[in-house]
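We'll start with the overall picture, then look at some helix packing and a few individual residues.

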Amino acid sequence: MLQPILGWLGLAPDRKAAQTRPPPLGSTLAFYLTGRPVWTARDYTALAREGFQRNAVVHRAVRLVAEAAASIPLTLTEDGRAVDRHPVLDILAAPNRREAGTRFLEGIYGHLMVSGNAYLQAASVDGVPRELYGLRPDRMRVVPGTDGWPEAYDYAVGSRTLRFEQEGEGVPPILHLTLFHPLDDHYGSSPMEAAAVALDIHNAAGAWNKALLDNAARPSGALVFAGPSGASLTDIQFDRLKTELAQNYQGAGNAGRPLLLDGGLDWKPLSLSPKDMDFVEAKNGAAREIALAFGVPPLLLGLNGDNTHANYAEANRAFYRQTAIPLARRTGEALIQWLGPAFGPASRAHGFRLEPDLDAIEALATERESLWRRVGGATFLDEDERREAVGYGRRVAGARAPASTGKATA
């Protein structure tokens, strides 16, 4: 019994030639083997292609985070007082001739979401940055020094490589922004990498659904010949049957066309049905995991289930508080630490802060209004203390205005 099975599988040691056609359908023996899953490679190109370019959930999540964080204005303060004009604000408003400030930051945040790394180049004249550029993470390589810290960055395009030395006078030419990675000293870990398994499941579910629709929305199966004992289809009958099936019953154009069987043929479906695979729930679950990795409430992506927020406005506030604002704040801190020393003594640069302007975020308008109302009614605070409580510095350094019961003003 074992020898015919091994021979049919092509494993018999004395097998000399392959069969010209499959064995008779009446004696077909099916083996169901669980294959190894095929996962997307954990590199920038593969994640960008399979995630951002081919998956609607990932595409929308990346754009939502990048556009929301880039739309938050960054306010420059010195010792708690807002600074209206400064070279740092000028260069961030117009980083280069191709991009405005919002578009520039949107690209930086997009790179962080896809690769976990973002690289900014400062084009300096006499040690003072004049323009900023965002560089592709897949082309950049960290060059560690003898102490383990990066001493240079290599940017490769084709066969050409440009090295940016970090040591020297003025601002270092490269600012490397990363997301936390517990196992790497130099490179960050992207949310898309954490969601790669869910991404593959979601893409596979979509591809399976598309293939099923192309095949007239019918699962695959087999025609079993149940003729007299020992009888089988001839070669001519076998080839004609395959041709008729391919021409008349496959493809979306033949959807719903009845299959006419005669001569002892019987149709046996082989694949599991969408109900058996829990197709819809598996795809929705994968989409929710993707949204979780990016820190986007499923409600904002139009996903069903796990909507713990009462309404869209509450989900939007949670998204800004937990995802967009922390990302913008971390970026602002890195930018002022990088660019600040170029526009003044290092000791003075420590007094500068580049922070998100929460008053400019429409989604937080209700919260800010409540804060202003509570601070305005706090009679035990003077005017300067009220200003500090809502995020503004004192009007005059060291001066204190008399207490007032009026509403705090900026």
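Of the chain's 410 residues, 38% count as buried. Keep in mind that this is a predicted model. Its secondary structure comes to 14 helices and 11 strands. If you take the contacts between residues at least 6 apart in sequence, 60% of them join residues at least 24 apart.

**How confident is the prediction?**

- Averaged over the chain, pLDDT is 76, and 67% of the residues get to 70 or more.

**Helix α5 against helix α11**

- Helix α5 covers residues 101–115 and helix α11 covers residues 312–339. Their axes come within 12 Å and cross at roughly 110°.
- An angle from 65 to 115 degrees counts as roughly perpendicular, so α5 and α11 are roughly perpendicular to each other.
- The crossing of α5 past α11 is right-handed.
- On the α5 side, the contact is made by L105, Y109, L112 and M113. On the α11 side, the residues are L327, A328, T331 and L335.
- Sorted by type, the residues of this α5 and α11 contact come out as 7 nonpolar, 1 polar and no charged.

**Helix α3 against helix α11**

- Helix α3 (residues 56–70) also packs against α11: the two axes come within 9 Å and cross at roughly 65°.
- That angle makes α3 roughly perpendicular to α11.
- Here too the crossing is right-handed, with α3 passing α11.
- From α3, the residues involved are L64, V65, A68 and A69. They meet F319, Y320, T323, A324, L327 and A328 in α11.
- The contact of α3 with α11 divides into 9 nonpolar residues, 1 polar and no charged.
- L327 and A328 of α11 turn up in the contact with α5 and also in the contact with α3.

**L364, a buried loop residue**

- You'll find L364 in the loop between β11 (352–356) and α13 (365–376).
- Buried means under 20% relative accessible area, and L364 has 0%, so L364 is buried.
- Leaving out residues up to four places away in sequence, L364 touches R317, Y320, R321 and I325.
- L364 and E314 are 50 residues apart in sequence, while their C-alpha atoms are 9.7 Å apart in space.

**Y44, in helix α2**

- Y44 sits in helix α2, which covers residues 44–52.
- Its relative accessible area is 19%, so Y44 is buried, given that the cut-off is under 20%.
- Setting aside neighbours within four places in sequence, Y44 is in contact with H111, V114, S115, P137 and D138.
- Along the chain, Y44 and N117 are 73 residues apart, yet 9.8 Å separates their C-alpha atoms.

**D126, out in a loop**

- D126 belongs to the loop between β3 (117–125) and β4 (128–135).
- Is D126 buried or exposed? With a relative accessible area of 78%, D126 is exposed.
- The backbone is worth a look as well: phi of D126 is near 55°, a positive value in a residue other than glycine.

Note on methods
Residues are numbered from 1 along each chain as its sequence is written. This is a predicted model: local features need pLDDT of at least 70, side-chain atom pairs count only at pLDDT 80 or more; totals for chains, interfaces and linings use all residues. Side-chain values use heavy atoms; hydrogens and water are left out. Axes are lines fitted to C-alpha atoms, for helices over the stretch in contact, and angles run from 0 to 180 degrees between N-to-C directions. Helices (H or I, at least four residues) and strands (E, at least two) are DSSP runs, numbered from the N terminus. Angles under 35 degrees count as roughly parallel, over 145 as roughly antiparallel, 65 to 115 as roughly perpendicular and the rest as oblique. A crossing is left-handed if the near helix is turned anticlockwise from the far one by less than a right angle, and right-handed if clockwise. Contact means heavy atoms within 4.5 Å. Ala, Val, Leu, Ile, Met, Phe, Trp, Tyr, Cys and Pro count as nonpolar, Asp, Glu, Lys and Arg as charged, and the others, Gly among them, as polar. pLDDT is the predictor's confidence in each residue, from 0 to 100. Buried means under 20% relative accessible area, exposed over 50%, partly exposed in between (1.4 Å probe, protein chains only).
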